[in-house]
Amino acid sequence: MSEPIISVKALEKYYGNFQALKNIDLTIANGEIVVILGPSGSGKSTLIRCLNGLEEHQKGEIKVAGIPLDNHQENLHRIRKMAGMVFQHFNLFPHLTIIENLTLAPEIVHGVKSSKARELALSLLERVKIGEQADKYPAQLSGGQKQRVAIARALCNEPKIMLFDEPTSALDPEMVGEVLEVMKDLAKQGMTMVCVTHEMDFARQVANRIVFMDEGEIVEMNDPASFFDNPKEERTRQFLGLLRRT
Ligand code: ADP
């Protein structure tokens, strides 16, 4: 098997004295779609944020495309460029147009020529089916449209991996579908994806693997059919049982 694109070994993460992640081992193959599930406070967001160094870990090892996530700034920059991230809240600059939100980092941080940055940004806005909104401001867009802009912005760095931290949780229900559709398209195009989400239909249909966490640990990992229809662990059964009752 080729080297995994993400490799996590014996990862431990503390916030002060509180241990948020306990002995996490996880390898993710190129092109794999992994959905992380678990109750609130189980460490899902912390884990995904550790993968691109948004949270520091105290013990263990993380490698992304073979690059160790360590104290070397150069490594951190390379990993951040390779792993795009989309958050629950879109974090768009309100005073910039949609296209300016997309071209800012490529131009300022990566020195891409303005015309080239604009061309790439427009093609990405088309890809998330929002090309006609390029010259509007974020306040003029719906939540679903803003989240699609945030996805396009993350794609500007031409990442190999996309990390999604509850990308649909802040959206009105009628806008969830359009964001999930964009995520499904990315999955079809072969993007490696790690998604924290509560969208169980998406998890079942799109994931190659479900990682179930509770109290800072990975309790169970399996393909979606086995995970949902034949969970092995009591904690998983409880979690799924609670979901079915809501
Ligand atoms: P999840 O994404 O599964 O809801 P989180 O990763 O956000 O869980 O949180 C895991 C645990 O770590 C929770 O108990 C949470 O209160 C705690 N935690 C998260 N962020 C911080 C922080 N910045 N400082 C202190 N504790 C935190």
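In this predicted model, a backbone N or O atom of Gly43 lies 3.0 Å from an oxygen atom of the ligand. A backbone N or O atom of Gly41 is 2.7 Å from a ligand oxygen atom. Tyr15 takes part through its side chain: an N or O atom there is 3.4 Å from a nitrogen atom of the ligand. On its own the ligand has 560 Å² of accessible area, and the protein covers 58% of that.

The shell around the ligand includes a run of residues from Pro39 through Ser40, Gly41, Ser42, Gly43, Lys44 and Ser45 to Thr46. Tyr15, Phe18 and Ala20 also belong to the residues that surround the ligand. Sorted by class, the shell holds six polar residues, four nonpolar ones and one charged one. Two elements, β2 (18-28) and α1 (44-51), each provide at least two shell residues. Of the elements, α1 contributes the most, with three residues.

The next topic is the empty space in the protein. Rolling a probe the size of a water molecule over the atoms shows where such space is left. The largest pocket has a volume of about 710 Å³. It is lined by 23 residues, and those closest to its centre are Arg80, Ala105, His110, Arg153 and Asn157. Which of the elements gives the most to the lining of the largest pocket? That element is α3, with five residues. The lining of the largest pocket is made up of twelve nonpolar, seven polar and four charged residues.

The second largest pocket has a volume of about 210 Å³. Its lining consists of Gly53, Glu55, Glu56, His57, Leu69, Asp70, Asn71, Gln73 and Leu76. By class, these lining residues divide into four polar, three charged and two nonpolar.

Pockets are open, whereas a cavity is a set of points from which the probe cannot get out. How many cavities of 30 Å³ or more does a search of the whole structure find? The search finds one. The space in the largest cavity is about 30 Å³. Arg127, Val128, Leu155, Val182, Asp185, Leu186 and Gln189 line the largest cavity. Helix α6 (residues 173-188) gives the most to this lining, with three residues. The class counts for the cavity lining are four nonpolar, two charged and one polar.

Methods
Residues are numbered from 1 along each chain as its sequence is written. This is a predicted model: local features need pLDDT of at least 70, side-chain atom pairs count only at pLDDT 80 or more; totals for chains, interfaces and linings use all residues. Side-chain values use heavy atoms; hydrogens and water are left out. A residue is near a molecule or strand if one of its heavy atoms lies within 4 Å of it. A polar contact is a pair of N or O atoms within 3.5 Å; within protein, one must be able to donate a hydrogen and the other to accept it, and residues adjacent in sequence count only if both atoms are side-chain atoms. Accessible areas come from the Shrake-Rupley method with a 1.4 Å probe; for residues, only the protein chains shown count as cover. Helices (H or I, at least four residues) and strands (E, at least two) are DSSP runs, numbered from the N terminus. Ala, Val, Leu, Ile, Met, Phe, Trp, Tyr, Cys and Pro count as nonpolar, Asp, Glu, Lys and Arg as charged, and the others, Gly among them, as polar. On a 1 Å grid over the protein atoms alone, a cavity is a set of points where a 1.4 Å probe fits but cannot get out, and a pocket is an open set with protein on both sides within 12 Å along at least five of seven lines; lining residues have an atom within 4 Å of a point. Grid points are joined across faces, edges and corners, and a volume is the space filled by probe spheres set on the points.
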